[in-house]
Amino acid sequence: MAGRQETTRGKPGRKAGKNAAPSSVQVLDRSLKLLELVAGADGAGLTDLADQSGMAPSTVHRLLTSLAGHGMVTHDAETGAWTIGVKAFEIGTAYLRFRKLGTISRPFLKQLMEGCGETANIAIEDDGDVVFISQVESHAPMRAFFRPGRRGPIHASGIGKAILSTWTDARIEALLAGRTLQHFTDKTRDSLPLLLDDIANIRARGWSIDDEEHTLGMRCVAAPIFDEYGEAVAGISVSGPAVRLPDEKVDALGPIVVTAAAGLTKAMGGRVAGA
């Protein structure tokens, strides 16, 4: 605990010695420091890493072994060199991809907002939620607003359902197994059968609709965005008050949102699955 002085057994007031077990925060700090050092070198030996980090070789070896178990670093038994692992590469690539998505999507969001007159959004899927990463707000006084970084339930989100529609039913069931689908309004698809029935309609139609399923009085039209492997990694949408988005307007917006999603997919170097 921060600010608390650790004591050794039987010697009140005495600080813990060097052999005392480090706190979990200290272990994390040391591990991240080592990861940074390994990433900055073209293969680093245990002794060099110990010297650069100021840690004992035994501590460095223990932490590196733990990092290797998570795929963050790898060890060459012949040379003794430690290098960055595949998992660290995947994490870095994910950051670049979504940073790229946020940047590249801006003109698409702006064009979509200006063409539809409603707020345009980009969000990604993360562990069964959607996370909004960018938005261009409508100029209308009454409009939708999603703060970047805000998380939302995947089953009650236009973008969330657009992404789910690219998955198999089995994959959707695996994701939501054991979860309670929260009830927000009388229109929420708050059971797996209801959700899967809606997903089937989305697949047939080509775009998803959040019909006041999360917030009464708000509707949303969304379509998925694909990466280079044909996997849906995000979605783009327009959202606004239901009074401005009657059924006929929603039907007209659907193809427009799909076109924007296809353009953004292409701009990112992605491809629609099966294309």
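Predicted model: local features only at pLDDT ≥ 70, side-chain atom pairs only at ≥ 80, totals over all residues.
Most residues other than glycine have a negative phi.

## Overall picture and confidence

The chain contains eight helices and eight strands, and of its 275 residues 40% count as buried. Among the contacts with a separation of 6 or more, 56% are accounted for by residues 24 or more positions apart.

The mean pLDDT of the chain is 85, with 86% of the residues reaching 70 or more. Over residues 1-20, however, the pLDDT is below 50, and in the model this stretch has 11 contacts beyond near neighbours in sequence.

## The six-stranded sheet

Six strands make up an open sheet with antiparallel pairing, and their order across the sheet is β5-β4-β3-β8-β7-β6. Because β5 (151-153) and β6 (208-211) each have a single partner strand, they stand at the edges, and one side of each is left without a neighbour in the sheet. On average, and with direction ignored, neighbouring strands of this sheet are turned by 35° against each other.

Helix α8, which spans residues 247-267, packs on this sheet and touches β3, β6, β7 (218-226) and β8, while the direction of the helix makes about 25° with that of β7.

Strand β3 (residues 119-126) runs antiparallel to strand β8 (residues 232-241), and six bridges join the two; here N121 stands opposite S237 of β8. Strand β3 also pairs with β4 in the antiparallel sense, over seven bridges, and in that pairing E125 has V130 of β4 as its bridge partner.

Strand β4 (residues 129-136) is mostly covered, as six of its eight residues are buried.

## Residues around β6 and β7

E212 is found in the loop between β6 and β7. With a relative accessibility of 16%, which lies under the 20% cut-off, E212 counts as buried. The phi of E212 is near 60°, a positive value in a residue other than glycine.

M218 lies in strand β7 and is partly exposed, because its relative accessible area of 22% falls between the limits of 20% and 50%. Although M218 and V243 are 25 residues apart along the chain, their C-alpha atoms are separated by 8.4 Å.

## Aromatic side chains

Which side chain lies over the face of W167? It is R171, which is placed at 3.8 Å from the ring centre. As for pairs between aromatic rings, the structure holds zero of them.

Terms used:
Residues numbered from 1 in each chain as written. Heavy atoms only, no water. Pairing = 2+ DSSP bridges. Helix = DSSP H or I, 4+ residues; strand = E, 2+ residues; numbered from the N terminus. Axes fitted to C-alpha atoms, helices over the stretch in contact; angles between N-to-C directions. Contact = heavy atoms within 4.5 Å. Phe/Tyr/Trp six-rings, centres within 6.5 Å; stacked < 30°, edge-to-face > 60°. Lys NZ or Arg CZ within 6 Å of the ring centre and 35° of its normal. pLDDT = per-residue confidence, 0-100. Buried < 20%, exposed > 50% of the residue type's maximum accessible area, 1.4 Å probe, protein only.
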